[in-house]
Structure formats: structure tokens, C-alpha cells
Amino acid sequence: MAKRLEMVGRASARALAAAWIAAAGVASAQPVADVLIRGGTVYDGSATMTPYVGDVAITGNRISYVGPRADVTAKRIVDATGKIVAPGFIDPHTHAQHFLESPDPKQRQVPAWLAQGATTLFLGVDGRGDPGLKRIFSKFKSDGIGVNVASYVGYGNIREAVIGPDARAPTAAELAREKALVAQGMCEGAIGLSTGLFYVPQTYSKTDEIIALAREAATRGGVYDTHTRDYSDFTVGAIASFREALTIGKEADIPVHLSHIKIIGPRLWGKSVEVIKMVDDARAAGQKVTASQYPYTGNGTSITAMFVPNWAMDGGREALLKRLDNPETLDRIKTEMTRNLERTGGPNKFMFRAPGMPQTGKFMDVVAKEWGMAPVDAAIRILKQGGSQSLIGFVMGEADIANYMKQPWTLTDSDGGEGHPREYGTFPTKYRKYVVEEKVITLPFFIRNSTGATADAFGIKERGYLKAGYFADIVVFDPETFAPKNDFNKVAVLAEGVTDLFVNGAAAIESGKMTVALSGMPLPHTPPPGTCPAS
């Protein structure tokens with residue numbers, strides 16, 4: 001039987017090679033590829049993938065062969081014996097602008113993500129997506145970037161441009177302008193509308209305003225991506241916030257993506273079970289809903305986002321500072337900040353973390369003790385000084401993380417940005433901790449929900465799978481050594497274990513060494529015909 005299967009495999013390889021030769025119009029009996037990845041364990045990114053030892057060939061920027069041992073020659077052969085060969089990972093929620101917009105080409109190569117095996121990143125998340133995407137994508141293309149990039153148009157940018165920092169509903173004229181900006185962003189290539197309803201001033205919105213804007217994205221084939229209004233019980237509560245997101249999707253007839261899904265604060269740990277049922281019920285009823293998460297118990301936040309009540313920030317920073325100087329409003333702010341600190345676990349759960357911040361690496365209770373004041377007073381002192389007020393809050397429970405991770409609709413995201421280890425370690429951490437050590441998920445599940453499932457959820461065409469004719473975004477990693485090398489104290493350390501990585505067919509990592517290929521490209525979404533002005 002084994003010999004028969006081997007013969008069938010060789011026949012299949014010869015047939016595919018012959019088809020490739022015919023399609024290319026090549027007379028030679030043995031086609032020549034640019035790169036042949038030989039003898040690795042191939043995971044193709046599909047929901048039904050069965051790993052096998054085989055070869056992957058690259059010609060130009062495309063995959064030209066995937067299957068059993070290929071009867072081809074190549075200009076370069078990568079020996080992948082004992083290694084995993086998979087589609088390049090897709091990260092649907094990042095804050096990677098500081099790499100992509102750097103004047104240094106080595107930074108624009110985006111090494112933090114490449115070393116994890118990620119080849120495609122999404123920007124414009126949490127409502128922070130510029131409607132002027134044509135200009136941004138054009139600059140990426142002309143400067144050169146190391147990864148593929150898709151982007152949202154962001155509600156936060158739009159609301160600030162139209163309404164400013166005030167806590168009020170838009171007028172009819174303002175709503176029309178907001179809708180026009182969503183349409184502009186979609187027509188310039190956005191994959192959808194993102195919101196960060198937890199953040200001021202986006203949190204001042206009402207649901208009907210978001211539905212109206214989401215309809216503009218839906219008309220143009222987009223997705224509604226959201227950092228929901230509350231992951232804890234700060235305002236409306238986590239359950240009501242997830243329900244609102246599903247309502248927006250249903251009313252606007254748009255796919256919903258719940259970014260960095262989580263539950264914050266010990267008092268609510270375990271609520272993931274209720275959220276999962278809500279999502280499963282919506283999907284069973286025909287609604288398109290997905291989520292994504294990062295594999296850490298620590299989130300990235302700030303003093304204003306996590307502790308300061310929303311009403312106190314109505315009108316922006318100057319208005320907040322005036323309220324902090326008013327004894328009456330100061331007392332109210334401190335009372336609510338104290339309550340928010342308690343509901344999330346207390347000051348010993350929050351570490352200051354930002355480049356150049358003097359308190360970086362110290363927990364809030366330690367800083368407060370050093371300064372001889374209450375934790376809330378220390379937080380207000382830092383807030384009033386200006387500059388960074390970034391925190392990492394160790395506020396998520398492992399059981400909730402595992403519950404979400406096991407769902408077929410939960411993808412991998414990093415939410416990566418400066419100051420948090422997830423920027424350099426998300427994919428290897430998820431693999432090392434949750435696949436290898438704790439066995440929460442399997443290796444095929446990890447790869448599927450970091451590749452093909454992500455491409456499917458967002459309509460990323462010809463990526464996310466190892467298929468002949470698809471773009472050659474391919475990771476080769478050593479299953480024994482693929483792991484993060486950073487932690488919460490030493491954040492900016494490249495992961496290890498990716499031996500070779502290809503972005504659009506070019507080597508971004510070659511034999512373990514980072515290149516400066518800058519072979520990434522913008523991935524603008526194409527709206528349906530007739531939904532945008534003729535260019």
C-alpha cells in the first residue's frame with residue numbers, strides 16, 4: 001500500500017509539473033523555478049489540511065507548485081527537512097505604523113513581524129484609520145515596505161475631523177459628512193470600517209450613528225471591525241457591548257469582526273462562555289461574525305483609557321485638565337478612577353510601559369509608594385505632566401483566553417505596538433505556549449486560524465493558502481525552536497525559529513538572516529462596481 005501511494009504521489013507530481021509546463025509554454029521536460037522549498041512538512045492553510053512531507057516551488061511572486069516531491073530544478077533550493085512550511089501569517093490588528101513609516105529601510109522591512117512569520121498586516125484599527133488611503137498606499141509602494149498591508153477607514157479619525165472631542169450626537173449635516181468620509185476611505189481601498197468605541201471621543205457615539213456609517217462600508221463590500229465599547233463593567237458592560245456589535249452588523253448587513261476579544265477584570269472572568277454562545281447563536285442564524293485575540297493576559301492601555309471617566313474628557317485634554325484643577329470635579333474624578341482601578345484588580349496589576357517614560361517597568365503601586373501618595377494621585381500626576389501614560393494591565397484570565405482561542409471563528413491578532421511584547425512575540429507565543437506546552441489547540445488549528453481562515457474572513461484574495469497560482473507568502477519554521485525571546489521587561493527582541501520567509505516570492509528571511517527585500521505591497525480592497533465615483 002505504501003509503495004502504491006508513493007507511485008500515485010509521484011504521478012500526481014509529474015502531472016502537475018506537466019500542467020505547469022503547458023501553462024507556461026515551456027518546452028523543457030524539467031521546469032525551472034526560482035526557489036524550491038524541499039522536504040518540509042506542508043500545512044496548506046485549509047480547514048481540512050492534512051500535513052504531508054512535500055515541496056513548494058516559487059516562480060516570480062507566485063507559488064508554482066505544491067505537492068509531493070517536485071520534478072523541477074530551481075535557482076535556489078531551501079532544505080526544509082524537519083521544518084514546517086505554511087502560508088505566511090496574517091495579522092488582522094496591528095499598530096505597525098512606526099515601522100512602515102520609518103525613513104530607515106531596515107525598519108520598513110518590519111522585522112518584528114517578519115521574525116514571527118507574519119507577511120500581511122492590517123492597519124487603521126481601533127477607529128484610527130485615515131480616509132486618505134490612496135496617498136498612504138502610494139507612499140508605501142514608492143518607499144518600499146517589507147510586508148503586505150491592508151487598512152481600515154477609522155471612525156475615530158472621522159468623528160474627530162467632523163465633530164471634534166465633544167460628547168454629543170452629530171447634526172444631520174455632520175452625519176452626512178461622516179458618511180462621505182467612510183465612503184471615501186472605502187473607495188480608496190479600505191477593507192472596512194473600524195471603531196474603537198471604548199475610547200474618547202468615539203465612546204460618545206450612539207449605536208444608530210455607527211449603524212449609519214457601517215452601511216456605507218457594507219455597500220462597498222467592507223467589514224465592520226470593532227474594539228467594543230466595554231470589555232469589563234466600566235460603562236455599559238462587556239455583554240451589552242458585544243451585543244451592540246452584533247446589532248450593528250445585523251442592521252447594517254455587514255460582517256462583524258470582534259478585534260482582540262477579551263474579558264477584563266476578575267469580577268467578570270468566565271463571561272467568555274456567555275459571549276461565545278452569543279456569537280455562535282448569531283452565526284447559526286446566518287450572521288457573519290469572527291473574532292481575533294492575542295495570547296497574553298496583559299493588555300496595552302493608558303491612564304485615560306482605563307481609569308479616567310468618559311465625562312471628564314468631554315472637550316479634550318484641556319477640558320480634562322481644567323476639571324482636574326477644580327476641587328469639586330477632581331473629587332468626583334478620583335472617586336470614579338478609584339472604582340475603575342478596583343474593578344480591574346488594583347494598582348499592582350498595572351505596569352507603566354512606554355519608550356522614554358521614567359516609570360517604565362514599574363507597577364503603579366510601586367510608583368505611588370515611592371512618591372508617597374495614593375495610586376490614583378500618582379496616576380493623575382503622570383497624566384498632568386503630559387507625555388506618555390501607557391500601561392500594561394494584567395487583567396485577563398487564562399481560562400477566558402483558552403475559551404476564545406478554541407473557537408473556529410477566533411483568529412490570531414497581535415494588537416502589536418510599541419511597549420508590549422505582543423509586537424514581537426504573538427505568533428510564536430501562541431504556538432509555543434498554547435500548542436506545544438499547554439495543548440489548548442493543535443498545530444493545524446493554529447496555522448489555519450493564522451492564515452487561510454483570516455484570508456477568508458476579510459476577503460484577502462490569493463493569500464493565506466499554499467496553492468499553485470497564489471502569491472508566494474510562505475513561512476518555513478523549525479517546530480523545535482520557534483519561540484518568543486522577549487518578555488514584558490525586554491520587549492523589542494526578535495523571535496527565533498523562522499529559518500526562511502518569503503513575501504511575494506522574495507526572501508525576507510534567508511537561512512535565518514533578515515534581508516531588506518522590501519517586497520511587501522499595499523492590498524487595497526476593490527469595492528463592487530457602481531459603488532464609487534469613476535476614477
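Helices (H or I, at least four residues) and strands (E, at least two) are taken as DSSP runs and numbered from the N terminus. The structure is a predicted model, in which local features need pLDDT of at least 70 and side-chain atom pairs count only at pLDDT 80 or more, whereas totals for chains, interfaces and linings use all residues. Residues are numbered from 1 along each chain as its sequence is written, and side-chain values use heavy atoms, with hydrogens and water left out.

Thr-454 is placed in helix H19, which spans residues 452-458. With a relative accessibility of 0%, Thr-454 counts as buried, where buried means under 20% relative accessible area, exposed over 50%, and partly exposed in between, for a 1.4 Å probe and protein chains only. When residues up to four places away in sequence are not counted, Thr-454 touches Ile-90, Pro-92, Leu-411, Arg-448 and Asn-449, contact being defined as heavy atoms within 4.5 Å.

Two packed helices are described by the angle between their axes and the distance between the axes. For helix H10 (residues 272-284) and helix H16 (residues 398-405), the axes come within 9 Å and cross at roughly 20 degrees, the axes being lines fitted to C-alpha atoms over the stretch in contact, with angles running from 0 to 180 degrees between N-to-C directions. H10 is therefore roughly parallel to H16, a description applied to angles under 35 degrees. Ser-272, Val-273, Val-275 and Ile-276 of H10 meet Asp-400, Asn-403 and Tyr-404 of H16, and the residues of this contact divide into four nonpolar, two polar and one charged. In this grouping, Ala, Val, Leu, Ile, Met, Phe, Trp, Tyr, Cys and Pro count as nonpolar, Asp, Glu, Lys and Arg as charged, and the others, Gly among them, as polar.

A search of the whole structure finds one disulfide, defined as a pair of cysteine sulfur atoms within 2.5 Å. This link is formed by Cys-187 and Cys-532, whose sulfur atoms are 2.0 Å apart. Because Cys-187 lies in helix H7 (residues 172-187) and Cys-532 in the segment after strand E21 (513-514), the pair ties together parts that are 345 residues apart in sequence. Cys-187 is partly exposed at 26% relative accessibility, and Cys-532 is partly exposed at 25% relative accessible area.

Key. Parallel < 35°, antiparallel > 145°, perpendicular 65-115°, else oblique.
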